[in-house]
Each structure stands twice: as C-alpha cells, then as structure tokens.
Amino acid sequence: MKTILIVDDEQNIRESIVDFLTEIGFNVLTANNGMEGLQRARDFHPELILCDIDMPLVNGYTMMVALQLDDKTKDIPIIVITGKQDKSEIGNVKLLGAEDCITKPFSLERLRSAIALHIHENFA
C-alpha cells in the first residue's frame, strides 16, 4: 500500500483528504505544519506529499526547499494545495520543485487525477 503525506494546518481539509485517500486505498500520514511534515517525510519517505503553503512554524515554501536539499527526501513528488490564486505564486511553487499545484477549493476528482499522474497507479 502506497503512502501519502498530507501537510496542512487546516484540520477539516486534512480530515477530508484522509477520508478520501483511505477510501481509495492509500496509507495516509498527516502533519499540522511544515516542521512536522519535514520530520514525517524523513522518517517515513512517503510516495507523495500534499502540502499547503501558508502554515505556522515552517511554511510550505521552506518545507519544499528543505525536502529538495535532503538526499533522503529530494525524490518525493510534491503536490501543493493552496488557497493562493495568483499565477505567479503557482509558478513559484513549481520552481521550488512541486509537481503540481491545486487551488482551494478543489474537487476530489481533481485531486485523484493529480495523484494518479504522479504515483502512476490505477485506483478506484
């Protein structure tokens, strides 16, 4: 079973994504902020990370840079999930190594499609 790490400070968003991913067959880890997310990524090396940008302690930008600089985590694909709508912000996350950027609010079908592209697995 493949593992996805969700890093988002909004509990309702985390819970919604956890329920969805669990239902379609993934093991799911969560983190409330970028600092916790970095540690979980290093400890568990998930197949994919879903990451918010605006979070306390360590934001998504800093977390992405730290993941890219760490040989243990630099190969983990990251999909950013953000409330930012600015096209330049979306471009910035891709420059920092994100594979994709999904803006909030988003459909679970959009999330499923993005995950399928980066995990290369068919799921229900």
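Okay, one definition before we start: when I say "helix", I mean a DSSP run of H or I at least four residues long, and the numbering goes from the N terminus. Keep in mind too that we're looking at a predicted model.

With that in hand, let's begin with Gly91, which sits in helix 4. Is Gly91 buried, exposed or partly exposed? It's partly exposed, because its relative accessible area is 31%, and the band for that label lies between 20% and 50%. Now look across to Leu21: along the chain Gly91 and Leu21 are 70 residues apart, and their C-alpha atoms are separated by 26 Å.

Helix 1 covers residues 11–23, and helix 5 covers residues 108–119. Their axes come within 11 Å and cross at roughly 60°. As for handedness, the crossing of helix 1 past helix 5 is right-handed. Which residues make the contact? From helix 1 you have Ile17, Phe20 and Leu21, and from helix 5 come Leu108, Leu111, Arg112 and Ile115. Sort those residues by class and you get six nonpolar, one charged and no polar.

Next pair: helix 2 and helix 3. Here the axes come within 9 Å, with a crossing angle of roughly 25°. The two helices are therefore roughly parallel to each other, since the cut-off for that label is under 35 degrees. Helix 2 also passes helix 3 in a right-handed crossing. On the helix 2 side, the contact uses Gly34, Gly37, Leu38, Ala41 and Arg42, while helix 3 brings Met63, Ala66 and Leu67. By class, this contact has five nonpolar residues, two polar and one charged.

While we're on helix 2, find Glu36, which is part of it. Glu36 is partly exposed, with a relative accessible area of 27%. Leaving out residues up to four places away in sequence, Glu36 touches Thr30 and Ala31. From Glu36 to Val7 it's 29 residues along the chain, yet their C-alpha atoms are separated by 8.1 Å.

The largest nonpolar core has 22 residues, and the ones that touch the most other members are Val7, Ile49, Met63 and Val80. Where do the core residues come from? Strands 1, 2, 3 and 4 and helices 2, 3 and 4 each supply at least two residues. Helix 3 gives the most, with four residues. Take Ile49 as an example: again skipping residues up to four places away, Ile49 touches Leu5, Val7, Ala41, Met63, Leu67, Ile76, Pro77, Ile78 and Ile79. Apart from that core lies another one, with 18 residues, including Ile4, Val28, Leu111 and Ala114.

Now the loops. The one between strand 3 and helix 3 holds Asp52. Is Asp52 buried or exposed? Asp52 is buried, because its relative accessible area is 4%, and buried means under 20%. Beyond residues up to four places away, the residues Asp52 touches are Val7, Asp8, Asp9, Gly60, Ile81, Thr82 and Lys104. Lys104 is 52 residues from Asp52 in sequence, and C-alpha to C-alpha the two are 9.8 Å apart.

Leu57 has its place in that loop between strand 3 and helix 3 as well. Leu57, though, is exposed, at a relative accessible area of 67%.

Most residues other than glycine have a negative phi, and most peptide bonds are trans. Against that background, check Leu57, where phi is positive, near 70°. Another one is His45, with phi near 40°. His45 lies in the loop between helix 2 and strand 3, and counts as partly exposed at 34% relative accessibility. And then there's the peptide bond from Lys104 to Pro105: which form does it take? It's cis, with omega near -10°. You'll find Pro105 in the loop between strand 5 and helix 5.

That's my tour, thanks.

Notes
Residues are numbered from 1 along each chain as its sequence is written. This is a predicted model: local features need pLDDT of at least 70, side-chain atom pairs count only at pLDDT 80 or more; totals for chains, interfaces and linings use all residues. Side-chain values use heavy atoms; hydrogens and water are left out. Axes are lines fitted to C-alpha atoms, for helices over the stretch in contact, and angles run from 0 to 180 degrees between N-to-C directions. A crossing is left-handed if the near helix is turned anticlockwise from the far one by less than a right angle, and right-handed if clockwise. Contact means heavy atoms within 4.5 Å. Ala, Val, Leu, Ile, Met, Phe, Trp, Tyr, Cys and Pro count as nonpolar, Asp, Glu, Lys and Arg as charged, and the others, Gly among them, as polar. A nonpolar core is a set of buried Ala, Val, Leu, Ile, Met, Phe, Trp, Tyr and Cys residues joined through side-chain atoms within 4.5 Å. Buried means under 20% relative accessible area, exposed over 50%, partly exposed in between (1.4 Å probe, protein chains only). Angles under 35 degrees count as roughly parallel, over 145 as roughly antiparallel, 65 to 115 as roughly perpendicular and the rest as oblique.
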